[in-house]
Amino acid sequence: MRLINIGYGNMISAARIVTIVSPDSAPIKRLIQEAKDDGRAIDATYGRKTRAVIVMDSGHMILSSLITETLAARINGTGDTENEE
């Protein structure tokens, strides 16, 4: 199992990620609110602005303060850590 750092020492399993999306569009904002209402949202931003939403195969949505490109680079193994936190 490969773990990916999503910021502030929080790790998730790379194999369980379905998609990583930007939180700016209205449909994604609705999905985040629905996940919060259902208890499926995990806020890993530590009070910072949400810059990426990670959708897991379990239906959970993880909110991260790292940008989508940084997370994608970490998943692909290029190790972009310059934009962390």
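A salt bridge is a side-chain nitrogen of Lys or Arg within 4 Å of a carboxyl oxygen of Asp or Glu. A search of the whole structure finds two salt bridges. The structure is a predicted model, in which local features need pLDDT of at least 70 and side-chain atom pairs count only at pLDDT 80 or more, while totals for chains, interfaces and linings use all residues. Residues are numbered from 1 along each chain as its sequence is written, and side-chain values use heavy atoms, with hydrogens and water left out.

R16 lies in the loop between strand 2 and strand 3 (17–21), and D57 in the loop between strand 5 and strand 6 (61–64), so the pair ties together parts that are 41 residues apart in sequence. Helices (H or I, at least four residues) and strands (E, at least two) are DSSP runs, numbered from the N terminus. R16 is partly exposed, at 41% relative accessibility. D57 is also partly exposed, with a relative accessible area of 45%. Here, buried means under 20% relative accessible area, exposed over 50%, and partly exposed in between (1.4 Å probe, protein chains only).

D38 pairs with R40 in a salt bridge whose closest N and O atoms are 3.4 Å apart. D38 counts as exposed, at 54% relative accessibility. R40 is partly exposed, at 27% relative accessible area.

Helix 1 covers residues 26–38 and has 13 residues. From first C-alpha to last, helix 1 reaches 18 Å, close to the 18 Å expected at 1.5 Å a residue. The expected span is 1.5 Å times one less than the number of residues. The buried residues of helix 1 are I28, I32 and A35. Seen down the axis, these residues fall within an arc of 65 degrees, so they line one face of the helix. The arc is that of the directions from the helix axis to the C-beta atoms. On the other side of helix 1, K29, R30, D37 and D38 are exposed.

R74 lies in helix 2 (residues 68–76). R74 is buried, with a relative accessible area of 8%. A polar atom of the R74 side chain lies 2.7 Å from the backbone oxygen of N5. A polar contact is a pair of N or O atoms within 3.5 Å; within protein, one must be able to donate a hydrogen and the other to accept it, and residues adjacent in sequence count only if both atoms are side-chain atoms.

Most residues other than glycine have a negative phi. Y8, however, has a positive phi of about 60 degrees. Y8 lies in the loop between strand 1 (3–7) and strand 2, and is partly exposed at 21% relative accessible area. Y46 has a positive phi of about 55 degrees. Y46 lies in the loop between strand 4 and strand 5, and counts as exposed at 55% relative accessibility.

R51 is placed in the loop between strand 4 (41–43) and strand 5 (52–56). R51 is partly exposed, with a relative accessible area of 43%. R51 and D24 are 27 residues apart in sequence and 8.3 Å apart in space, C-alpha to C-alpha.
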